[in-house]
Amino acid sequence: MTGGYRDFYVSGGDGLKLYARDYGPAASDALPVVCLPGIARHSEDFHALASALAADPRRPRRVLAPDYRGRGRSEWDKDWRRYDVRVELDDVIQTLVAAGIPRAVFVGTSRGGIIAMGLGALRPAVLAGVVLNDIGPAIDAKGLMRIRGYVGKLPTPRSLTEGGQILKQIMDAQFPRFTAQQWEGLARGMWKETDGGLVLAYDPQLMRTLEAFDPETPLPDLWPLFEGLKRVPTMVLRGANSDILSPATVKRMKSLHPRLEAVTVADQGHAPVLEGDLIPRIKRFVEMVEAA
């Protein structure tokens, strides 16, 4: 074990080699947590949260944080069309089976939240509870346009510090109070260090999945998927500056879900970084789900 986690590898349904970080005790009666990242992010984003949950002195629990195909340490797909939520949902199911996790609390950031909602439709028994990090059944097209503008198109920085400065230039309105250290932390999930310098931590072909997005075309209706979460405790985190998840969407989510806990994260946008005060809040939610 290095860095507080074990390396976990599994084959997808098509044989592609997939990776996940596996934190905490492999054998425990504590309810596990599975962390699902955003579209161009990977397991690094959950390190602080996963470490805190796994090392809890009273109730250490297993935390699994997968890398989707083409991201992090998972193998790149030769066909960029398979960077698709439905394929990634199947990959997550394969990973859960291989890891021996029949039921868990899922923490899904952005795309990860959509995958968690998909699990509620395809494998409802696996969901004990869900944390949706700045994502809901309605997605603001303006935010998607912003994301399309930089995925796969960022200049290559010479250092993570410079990478943080690049991200600050394009995302400062989302995170106006971020420190230089926080920007560098965000950059650590965007690029990875190699002997030849920094490279993107995802397949640049991922950008092609966003090229066909037309802001004039209605987005898929995800409200039926959200309906599937009504049977489990759910928390939604919304960055106060988010351009993906609107207050109106959160309001409607609360009206439809009797056990929805809504949290607004001040001075952050899409998507709030899961650190600081959010860690004990999520920890309490997981404990509540487990007690119930």
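This note goes through a helix pair, a cavity and a pocket in a predicted model.

1. Start with the two helices. Helix 2 covers residues 85-99 and helix 3 covers residues 111-122. They pack at an angle of about 70°, and their axes are 10 Å apart. Helix 2 is therefore roughly perpendicular to helix 3, because angles of 65 to 115 degrees count as roughly perpendicular.

2. The crossing also has a hand. Where helix 2 passes helix 3, the crossing is right-handed. On the helix 2 side, the contact is made by Val85, Glu88, Leu89, Val92 and Ile93. On the helix 3 side, Arg111, Ile114, Ile115, Gly118, Leu119 and Leu122 take part.

3. What classes of residue make up this contact? Between helix 2 and helix 3 there are 8 nonpolar, 1 polar and 2 charged residues. To follow the count in the list above, note that Gly is placed with the polar residues.

4. The structure holds 1 cavity of 30 Å³ or more. The space in the largest cavity comes to about 40 Å³. Its lining consists of Leu18, Tyr19, Pro66, Asp67, Tyr68, Arg69, Asp91, Val92 and Thr95.

5. Which element gives the largest share of the lining of the largest cavity? Helix 2 does, with 3 residues. Strand 2, strand 4 (63-67) and helix 2 each supply at least two residues of that lining.

6. By class, the lining of the largest cavity divides into 5 nonpolar, 1 polar and 3 charged residues.

7. The last feature is an open one. The second largest pocket has a volume of about 270 Å³. It is lined by 16 residues, and those closest to its centre are Arg21, His42, Glu44, Arg188 and Lys192.

8. Strand 2 (17-23) and strand 7 (191-194) each supply at least two residues of the lining of the second largest pocket. Strand 7 gives the largest share, 3 residues. Strand 2 also supplies at least two residues of the lining of the largest cavity.

9. How does the lining of the second largest pocket divide by class? There are 7 charged, 6 nonpolar and 3 polar residues.

Key: Residues are numbered from 1 along each chain as its sequence is written. This is a predicted model: local features need pLDDT of at least 70, side-chain atom pairs count only at pLDDT 80 or more; totals for chains, interfaces and linings use all residues. Side-chain values use heavy atoms; hydrogens and water are left out. On a 1 Å grid over the protein atoms alone, a cavity is a set of points where a 1.4 Å probe fits but cannot get out, and a pocket is an open set with protein on both sides within 12 Å along at least five of seven lines; lining residues have an atom within 4 Å of a point. Grid points are joined across faces, edges and corners, and a volume is the space filled by probe spheres set on the points. Helices (H or I, at least four residues) and strands (E, at least two) are DSSP runs, numbered from the N terminus. Axes are lines fitted to C-alpha atoms, for helices over the stretch in contact, and angles run from 0 to 180 degrees between N-to-C directions. Angles under 35 degrees count as roughly parallel, over 145 as roughly antiparallel, 65 to 115 as roughly perpendicular and the rest as oblique. A crossing is left-handed if the near helix is turned anticlockwise from the far one by less than a right angle, and right-handed if clockwise. Contact means heavy atoms within 4.5 Å.
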